[in-house]
Structures are given as structure tokens and as C-alpha cells.
Amino acid sequence: QVQLVVSGGGLVQAGGSLKLSCTTSGITFSRMSMLWYRQAPGKQREFVAETTTSGDTSYANSVKGRFTIARDNAKNTGYLQMNSLKPEDTAVYYCRLLGLDDYWGQGVQVTVSS
């Protein structure tokens, strides 16, 4: 079956960095767009970043210039490098694979302390 395993979350001070990974199995990763979302307490889940099958990327304005999305099709894994983290980046982060079907990974907590 399709599995998306998210790792790399944790607690970091403002200005620090974290790198999230979304390791997939049971699916042809290269044929799927990969997206990252986040959900802060009391808020709706929001789009963070996307990388398409052709490698094009897009970002939410709130993370542009600080976050970088990447994918390694050979490893069936996507990444979200988060730099210059701010307390407002605190949220549960999710990865999503989107193609003919739609799959979500489990969330991982990212906490940025001031």
C-alpha cells in the first residue's frame, strides 16, 4: 500500500533551520507532484510549497526565500529545507502527493521558540 513517512520535525530557536523529509513507498513518486502543508493551532491547514513532476516549484509568500522544496525521485523522497525559522512557522507539517490520486502523510510537529 502507499505510505508517506514524514520525519525531521522538532524544536528549534528562531533563526534556526530544520529539514523535513517525506519518504514514500508503494507509489511511482516521479509521477506525482509533491506538496507541503502546515496547520498551526486554531488555524486552517495552509499550503507551504510544491514541486511538480517536472521539477517546477512554488511557495507560499510567507515562506518564500526561507524554505526550499526538493525531490529525489531515485529515493522516492521529498524534502523541505526550512531556514531562518520564525515562531509563526510553528505548526504541524504534512506532505502530500498529488496525481491521479491524492495521498497525505502523517503530520510532524515543528516548534520555533522565540
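Is Ser84 buried, partly exposed or exposed? In this predicted model, Ser84 is partly exposed, with a relative accessible area of 40%. The legends below take up this residue again, together with other parts of the structure.

**View 1**
Strands of a sheet pair through backbone hydrogen bonds, in either a parallel or an antiparallel sense.

**View 1. Strand 3 pairs with strand 8.**
Strand 3 (residues 18-25) and strand 8 (residues 77-82) run antiparallel to each other and are joined over six bridges. Thr23 has Thr77 of strand 8 as its bridge partner. Ser21 also belongs to strand 3. With a relative accessible area of 16%, Ser21 is buried. Beyond its neighbours within four places in sequence, Ser21 is in contact with Val5, Val6, Ser7, Trp36, Thr77, Gly78 and Tyr79.

Asn76 is found in the loop between strand 7 and strand 8. Asn76 is partly exposed, with a relative accessible area of 28%. Ser84 is placed in the loop between strand 8 and strand 9 (91-98). Ser84 is partly exposed, at a relative accessible area of 40%.

**View 2. A disulfide joins Cys22 to Cys95.**
The structure holds one disulfide. The S to S distance between Cys22 and Cys95 is 2.1 Å. The link is right-handed, with 50 degrees about the S-S bond. Cys22 lies in strand 3 and Cys95 in strand 9, so the pair ties together parts that are 73 residues apart in sequence. Both cysteines, Cys22 and Cys95, are buried.

**View 3. Arg38 forms salt bridges with Glu46 and Asp89.**
Four salt bridges are found in a search of the whole structure. Between Glu46 and Arg38, the closest N and O atoms are 2.6 Å apart. Glu46 counts as partly exposed, at 35% relative accessibility, whereas Arg38 is buried, with a relative accessible area of 6%. Between Asp89 and Arg38, the closest N and O atoms are 2.9 Å apart. This second pair links distant parts of the chain: Asp89 is in the loop between strand 8 and strand 9, and Arg38 is in strand 4 (residues 33-39), 51 residues apart. At 1% relative accessibility, Asp89 counts as buried.

**View 4. Arg96 and Asp102 meet in a salt bridge.**
The N to O distance between the side chains of Arg96 and Asp102 is 2.7 Å. Arg96 counts as buried, at 15% relative accessibility, while Asp102 is partly exposed, with a relative accessible area of 38%. Elsewhere, salt bridges that share partners join Arg38, Glu46, Arg66 and Asp89 into one network. Side chains of opposite charge can pair when their charged atoms come close.

**View 5. The largest nonpolar core has 29 residues.**
The residues with the most contacts inside this core are Leu20, Trp36, Val48, Phe67, Leu80, Met82 and Tyr93. At least two residues of the core are supplied by each of strand 1, strand 3, strand 4, strand 5 (46-51), strand 7, strand 8, strand 9 and strand 11 (108-113). Strand 9 provides the largest share, four residues. In soluble globular proteins, nonpolar side chains tend to be buried together.

**View 6. Phe67 touches residues that include Val48, Leu80, Met82 and Tyr93.**
Phe67 is among the residues with the most contacts inside the largest nonpolar core. Not counting residues up to four places away in sequence, Phe67 also touches Tyr59, Gln81, Asn83 and Leu85, among others. Arg38 and Asp89 are likewise touched by Phe67, and these two residues form a salt bridge with each other.

Terms used: Residues are numbered from 1 along each chain as its sequence is written. This is a predicted model: local features need pLDDT of at least 70, side-chain atom pairs count only at pLDDT 80 or more; totals for chains, interfaces and linings use all residues. Side-chain values use heavy atoms; hydrogens and water are left out. Two strands pair if DSSP finds at least two bridges between them. Buried means under 20% relative accessible area, exposed over 50%, partly exposed in between (1.4 Å probe, protein chains only). A disulfide is a pair of cysteine sulfur atoms within 2.5 Å. Contact means heavy atoms within 4.5 Å. A nonpolar core is a set of buried Ala, Val, Leu, Ile, Met, Phe, Trp, Tyr and Cys residues joined through side-chain atoms within 4.5 Å.
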